[in-house]
Amino acid sequence: MIRLQNVTKTYKRGGDDEVIALNDVSLEIDKGEFVFIVGPSGSGKSTFMKLLTREQLVDSGELWVAGKDLNAIRSWKIPALRRDIGYVFQDFKLLPNKSVRENVAFALEVIGKSRREIDIRVPEVLELVGIEEKADAMPHELSGGQQQRVSVARAFVNSPRILLCDEPTGNLDPSTSVGIMKLLDRINRTGATVVMATHDQHIVDSMRRRVVELENGVVVRDQSRGVYGYAG
Amino acid sequence: MPARWRYILSEAGKGLRRNVLMTVAVILSITVSLTLLGATLLLRDQIDLATDDWVDQVEVSIFLCDGETCPAITPEQEDQLREDLEAQPVVDEVLYESKEEAYERFTELFQDQPNLVEAVEPDILPASFRVSLVDPDEFLVIAQQFEAYPGVEDIIDQREVLTQFLNFTRIVRNGALAVALIQLAAAALLIGNTILMSAFARREQTSIMKLVGASNWYIRLPFFLEAVITGVLGAVVSWGLLYVVVPRVTEGLSAQVLLMPFIGVREVWEAAPVLLASGFGIAAFSSIIALWFFQDS
């Protein structure tokens, strides 16, 4: 589903000063996997996510996502790529002037889905994330955990094959985070590949899923059923 | 209406309402520039119309001596002059205008100015041969050949008078056109800036649209429409101004100036497509450039 081969990405930081965000990373993530990307700030997690959605382009190496070669993809085909990827942000990024239902429907409206399809699919996904009774609430009326559920609903409403979550529990307290993780696990069981960048040690430890650890742009650990730190 | 078009139109409407003052400023700026542009177009129509009309009338006037400043022309000299004029190959037609006819034409021309007509004695105007040429550029041939004829007082190329007038109108027109173009450039910058602000105000929304896979045209179309609507509105207002003002002005002028024909409502109608296309074009162009920058950032 996702394949990186010798991927290097550097950023220019004024003059000749270069920051290496990803250094010769090779990695393969299969369909239906649940993978944690862990590592300290600046280890390359964010860059990794941005490369997958083709917000940025690799400097060298190969990158395949959902069967598409991201080095060769035409710019007008990028929207089609992104319809295969759902994206969940740390800060939810809900539109404040739209209700829960409208926020989720928005993701379908802007890719040209019919009203009939939207009316069927939105209630379904709101039920899946357990927020159906808040469908007409505005984002500011919701708790952080509820907002993140809406954000997950929006990311998943188009049934993407890949769900990318960038620190989805970063703004939530531990008990709320557990709820979100159960939700992501449920989505993973529907067959979606879930990639989650996180700092949250407890969550990684409790889930016992594949862990890829980045440090200074290099994969220092790739462990199935792993934990956050080196458990020995 | 399909959901996607409803979305695009409602977003464009939101953009227009979000900053009403800015929208009004953009429309006004387009109105000013297109009104000037339209005025220069109409001025060109006016010049063409007047020129076409005059070129047919323009001729060389050979004024004949009547004894006031030079010895009066004799009938023999007059016949000789006419004969030689008609023999000259560059001459198309020769008409004789007597002193009485000259006075008649003068009173007709200046009927609005009775003081002037009163001041001129019927016999003060000289008789003349009015000569039209096959090619108006051949004036010098006539001037050189006939100025030394006995009984010829003066030879005047009427075209010269016309040329001076036309040169003056051209300068006015080119000046107006230059101002119109500068105004148009200013309007284009204003539109670009407004669209950038509008896009910036909704950057959260557009960044989400990008991530959920909305196509680029879907993201940009509301902003493009927003610009085009202001552009077309500005064009409509400027055309309306010209439609109201120009026929009134030319009507007033044609009552006073009998020398030439004036443009009317028809020419203003004909300017409409040009103004609409300009309003649309300038808005489309500047918003596309602005959105191209926005998308890149």
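**Close-up 1. Helix α6 of chain B and its buried face.** In this predicted model, helix α6 of chain B spans residues 139-146 and has as its buried residues Phe139(B), Ile142(B), Ala143(B) and Phe146(B), where buried means under 20% relative accessible area, exposed means over 50% and partly exposed lies in between (1.4 Å probe, protein chains only). Seen down the axis of α6(B), these buried residues fall within an arc of 100°, so they line one face of the helix; the arc is that of the directions from the helix axis to the C-beta atoms. The face turned away from the buried side of α6(B) carries Leu140(B) and Gln144(B), which are exposed. The packing partners of the buried residues of α6(B) are β1 (60-64), α3 (75-87), β2 (91-97), β3 (128-133) and β4 (152-157) of chain B. Helices (H or I, at least four residues) and strands (E, at least two) are DSSP runs, numbered from the N terminus.

Two notes apply to every view. Residues are numbered from 1 along each chain as its sequence is written, while chains are lettered from A and ligands numbered from 1 in the order in which they are written. Because the model is predicted, local features need pLDDT of at least 70 and side-chain atom pairs count only at pLDDT 80 or more, whereas totals for chains, interfaces and linings use all residues; side-chain values use heavy atoms, with hydrogens and water left out.

**Close-up 2. The interface of chain A and chain B.** On the two sides of this interface, 21 residues of chain A are in contact with 17 residues of chain B, contact meaning heavy atoms within 4.5 Å. The two chains bury about 1600 Å² between them, with 63% of that area on carbon and sulfur atoms; buried area is the accessible area (1.4 Å probe) that two parts lose on being put together, summed over both. Of the area that chain A buries against chain B, 31% is supplied by Arg82(A), Phe106(A) and Val110(A), more than by any other three residues. The elements that give two or more residues to this side of chain A are α2 (78-82), β6 (85-88) and α3 (100-109) of chain A, and the largest share, three residues, comes from α3(A). By residue class, the side of chain A that touches chain B divides into 10 nonpolar, two polar and nine charged residues, with Ala, Val, Leu, Ile, Met, Phe, Trp, Tyr, Cys and Pro counted as nonpolar, Asp, Glu, Lys and Arg as charged, and the others, Gly among them, as polar.

**Close-up 3. Salt bridges within chain A and chain B.** The structure holds 21 salt bridges over all chains, a salt bridge being a side-chain nitrogen of Lys or Arg within 4 Å of a carboxyl oxygen of Asp or Glu, although across the interface of chain A and chain B the rule finds zero. In chain A, Lys12(A) forms a salt bridge with Glu18(A), the closest N and O atoms being 3.3 Å apart; Lys12(A) is exposed at 65% relative accessibility, and Glu18(A) is partly exposed at 42%. In chain B, Glu11(B) pairs with Lys14(B) in a salt bridge whose closest N and O atoms are 2.9 Å apart. Being three residues apart in helix α1 (residues 3-18) of chain B, Glu11(B) and Lys14(B) are separated by about one helical turn. Glu11(B) is buried at 2% relative accessibility, whereas Lys14(B) is partly exposed at 31%. A network of salt bridges links Glu11(B), Lys14(B), Arg202(B) and Glu226(B).

**Close-up 4. Thr31(B) and its contacts.** Thr31(B) is found in helix α2 (residues 20-57) of chain B and is buried, with a relative accessible area of 5%. Not counting residues up to four places away in sequence, Thr31(B) touches Gly234(B), Val237(B), Ser238(B) and Leu241(B).

Close-up 5. Leu116(B) has its place in helix α5 (residues 114-119) of chain B and is partly exposed, with a relative accessible area of 35%. When residues up to four places away in sequence are not counted, Leu116(B) touches Phe106(B) and Phe110(B). The C-alpha atoms of Leu116(B) and Phe106(B), which are 10 residues apart along the chain, are separated by 9.7 Å.
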